[in-house]
Amino acid sequence: MSQDIIAIDGPAGSGKSTVARAVAQALGWTFLDTGAMYRALTCEALHEGVDVHDQGAMGELAASARITTLPRVSVNGRDVEDEIRTEPVNVAVSVVAANPLVRSSMVARQRELAGAQDVGTVVEGRDISTVVFPNATLKVYLTATLEERSRRRGEEGVESVERRDLADTTREASPLRQASDALLVDTTGRRVEDVVEEIVECLKNITSN
Ligand code: CDP
């Protein structure tokens, strides 16, 4: 891999999307929201009436799905930017993301997308520093208290956030965990600008050595 990667993992509402987007902008890099990919695939299953518990059928759907996240999230040519954050998707996405057949298609696509850029990429998700880009230039694990993360998630509610966290950390396929060499950043009560600055500084220290 020739391009630089900043891999950002963390639980729901830890600030990954906001921080990753802002870091990418500060560096002039591109940004990849991998959660949006799992969510887009979930939208497609619900739209096509594919049972999300049917691992084989979901694996096939994942292998053939054309998913974009920029400039808007779409799947097989259908714009799902607004639909990806709805309640049925919050519920079903944990099942979709626990499917190893789905994950292998998504991971291959994520590597391909980042590899095709002529600038670095800030990638955020659950398994980015542990599985997708274990040799990333910089690995970051973002976290915050459950109270603050639920507040940021608004309508989704604390029970749903807790349920997704439990599903993400206990599943067999690529569970969410902090990589041993990741920078741990607690975003509770911190301004986005401060967190972005900390990450950019850390990158500078790594790349100047
Ligand atoms: O924005 P939020 O943190 O609430 O979730 P997201 O990043 O949109 O991801 C939605 C779901 O996709 C997560 O709860 C995970 O189950 C799954 N996911 C994953 O398994 N692996 C990733 N790299 C990204 C997301």
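Q: Which residues line the second largest pocket?
A: This is a predicted model, where local features need pLDDT of at least 70, side-chain atom pairs count only at pLDDT 80 or more, and totals for chains, interfaces and linings use all residues. Residues are numbered from 1 along each chain as its sequence is written, and side-chain values use heavy atoms, without hydrogens and water. A pocket is an open set of points on a 1 Å grid over the protein atoms alone, where a 1.4 Å probe fits, with protein on both sides within 12 Å along at least five of seven lines; lining residues have an atom within 4 Å of a point. The second largest pocket is lined by Ser17, Arg21, Phe31, Asp33, Ala36, Thr69, Leu70, Pro71, Val73, Glu81, Ile84 and Arg85.

Q: Which elements each supply at least two residues of that lining?
A: Helices (DSSP H or I, at least four residues) and strands (E, at least two) are numbered from the N terminus. At least two residues of the second largest pocket's lining come from each of helix 1 and strand 2 (30–33).

Q: How many residues of the lining of the second largest pocket are charged?
A: Asp, Glu, Lys and Arg count as charged. Six lining residues of this pocket are nonpolar and two are polar. The charged ones number four.

Q: What volume does the largest pocket have?
A: Its lining has 32 residues, and Gly13, Lys16, Ser17, Arg126 and Arg153 are the closest to its centre. Charged residues number 14 there, beside ten polar and eight nonpolar. The volume, the space filled by probe spheres set on the points, is about 560 Å³.

Q: Which helix gives the largest share of the lining of the largest pocket?
A: Elements that give two or more residues include helix 1 (16–27), strand 6 (121–125) and helix 7 (146–153). The largest share is five residues, and they come from helix 2.

Q: Which residues of helix 9 are exposed?
A: Buried means under 20% relative accessible area, and exposed means over 50%. The buried residues of helix 9 are Val195, Val196, Ile199, Val200, Cys202 and Leu203. They cover an arc of only 160 degrees around the axis, so they sit on the same side of helix 9. On the other side, the exposed residues are Glu197 and Ser208.

Q: How far apart are the end C-alpha atoms of helix 9?
A: Helix 9 has 17 residues, so at 1.5 Å a residue it should span 24 Å. The end C-alpha atoms agree with this, at 24 Å.

Q: Which glycine just after helix 7 takes a positive phi?
A: Helix 7 has the buried residues Glu148, Arg149 and Ser150. Just after this helix, a phi of about 55 degrees belongs to glycine 154.

Notes:
Buried means under 20% relative accessible area, exposed over 50%, partly exposed in between (1.4 Å probe, protein chains only). The expected span of a helix is 1.5 Å times one less than its number of residues. The arc is that of the directions from the helix axis to the C-beta atoms.
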